[in-house]
Amino acid sequence: LPLSVPPPECLQKRFVAPQRHMFGPGPSNVPLRILAAGAEPIIGHMHPEMFEIMSDIKSGIQYAFQTQNKVTLAVSGTGHAAMECALFNVLEPGEGFLAAVNGIWGERAADIAERIGARVNTIVTSAGGCFTNEDIDQALAKHKPVLFFLTHGESSTGVLHPLDGIGEICHKHNCLFLVDCVASMGGAPIYMDKQGIDILYSGSQKVLNAPPGTAPISFSERACQKVFNRKTKPVSFLLDMSWLANYWGCDGKLTRIYHHTGPVSNFYSLREGLAVLAEQGLENTWQRHREVAEYFHEGLENMGLKLFVKDKNIRLPTVTTIVAPAGYNWKEITSYIMKTHNLEISGGLGPSVGQVLRVGLMGCNSSKASVDMVLKALRDALKHCHKSKV
Ligand code: GLV
């Protein structure tokens, strides 16, 4: 038969991606070393060398999360896939779920849990705020969920949520503690085992400076008891931990069975991102992110801009939220900076839309030189963007 759809002309031109300063909330810039790792030749997703790479990734995640958990791996997908993996595997229809909502990620977790048919409750606080351990204790006593969700690094509001003591509170209520550290891992201290976190997940495209598409996740022994003794199968085959634990060699079985084709090149890059973190050292990386963030915050305040998170102690070092300057259209500012300075910063997300500008300085982008570049671009934008006479 003759073809009715000709080869698209657009595909006959070579695509060249622009070089940009990726200072939004992610993805962040990928250094050459990590890009080069991703350009290594493709091998089979079940070749022995691949299993070795996966084992290295597992060790790297155990280091980044500070955990000894056997069931530690990278989901083939972004942080959202890891969020679904956690919720799909732990929750069964009708079971209680409580989400702490102080930004978009708690809202998303509640939405996903509803789709599974869980009994969903939320505790909500204003964007820019966080919860006390007493708030959480009371909500757990009231709703009696089997799983509690909290975001460590709320990239939509710029809040770093304290974690100490919450694991014990959850366990006192016979509840598992699930934490999202997509935007904070590597940029702020987290100790999965010591803080009693049962399920922790992150993403490759933030502090690790790897391309989007893989998401570290880990399950405690307590979480595994629940996950591997379910009455029903998780709704997703791709994210089923019984299969994934086998593919990643976490289930103690000698034979690995084909489940899905892992994103080979992305695993190479993730391994390299974790290698950089291991070389630089977690504590040094945490400290650098904190110092760079403080330098940035001081620079913003010296320019007369206001930080959205009032309490210094809960500011996320990786993603800064700046109160959208009065009289300006925030979209004009972000577009001007992109066009004139080839630099991405972003507006708000979820509950912070229209209220903030967001700047992410993560991994290799966490430097005083990057801060100076952002401050210069902001100063320039405030001079050149239209200001209404209010
Ligand atoms: C995505 O992670 C975002 O915060 O925009």
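Predicted model: local features only at pLDDT ≥ 70, side-chain atom pairs only at ≥ 80, totals over all residues.
The chain is divided into domain 1 (21-26 + 282-384) and domain 2 (32-278).

- Domain 1 is built from two stretches of the chain, 21-26 and 282-384, while domain 2 runs over 32-278.
- Between the C-alpha centres of domain 1 and domain 2 there are 27 Å.
- On the domain 1 side, 25 residues are in contact with 30 residues of domain 2.
- Helix H10 and strand S11 (319-323) are the elements that give two or more residues to the side of domain 1 that touches domain 2.
- Of these, H10 gives the most, with four residues.
- Sorted by class, that side of domain 1 has 13 nonpolar, ten polar and two charged residues.

**H10 with H12**

- Helix H10 (residues 282-302) and helix H12 (residues 368-384) have axes that come within 9 Å and cross at roughly 20°.
- Because that angle is under 35 degrees, H10 counts as roughly parallel to H12.
- The crossing of H10 past H12 is right-handed.
- From H10, the residues Val-292, Tyr-295, Phe-296 and Gly-299 meet Lys-368, Val-371 and Leu-375 of H12.
- This contact has five nonpolar residues, one polar residue and one charged residue.

**H2 with H9**

- Helix H2 (residues 48-65) packs against helix H9 (residues 264-280) at an angle of about 40°, and their axes are 9 Å apart.
- That angle makes H2 oblique to H9.
- H2 passes H9 with a left-handed crossing.
- On the H2 side, the contact is formed by Met-50, Ile-53, Met-54, Asp-56, Ile-57, Gly-60, Ile-61, Tyr-63 and Ala-64.
- Their partners in H9 are Val-264, Phe-267, Tyr-268, Leu-270, Arg-271, Leu-274, Ala-275, Leu-277 and Ala-278.
- By class, the residues of the contact of H2 with H9 divide into 15 nonpolar, one polar and two charged.

**H3 with H4**

- The axes of helix H3 (residues 79-90) and helix H4 (residues 104-116) cross at roughly 45° and come within 10 Å.
- H3 is therefore oblique to H4.
- As H3 passes H4, the crossing is right-handed.
- Met-83, Glu-84, Leu-87 and Phe-88 are the H3 residues that meet Arg-108, Ala-109, Ile-112, Ala-113 and Ile-116 in H4.
- The class count for this contact is seven nonpolar, no polar and two charged residues.

**Two backbone details to look at**

- Most residues other than glycine have a negative phi, and most peptide bonds are trans.
- The peptide bond from Gly-26 to Pro-27 is cis, and its omega is near 0°.
- You can find Pro-27 in the loop between strand S1 (21-22) and helix H1 (32-38).
- Lys-144 has a phi near 50°, which is a positive value in a residue other than glycine.
- This lysine, Lys-144, sits in the loop between helix H5 (133-143) and strand S5 (147-151).

Technical notes
Residues numbered from 1 in each chain as written. Axes fitted to C-alpha atoms, helices over the stretch in contact; angles between N-to-C directions. Parallel < 35°, antiparallel > 145°, perpendicular 65-115°, else oblique. Left-handed = near helix turned anticlockwise from the far one by under 90°. Contact = placed C-beta atoms within 7 Å. Nonpolar A, V, L, I, M, F, W, Y, C, P; charged D, E, K, R; others polar. Domains from an automatic or database assignment.
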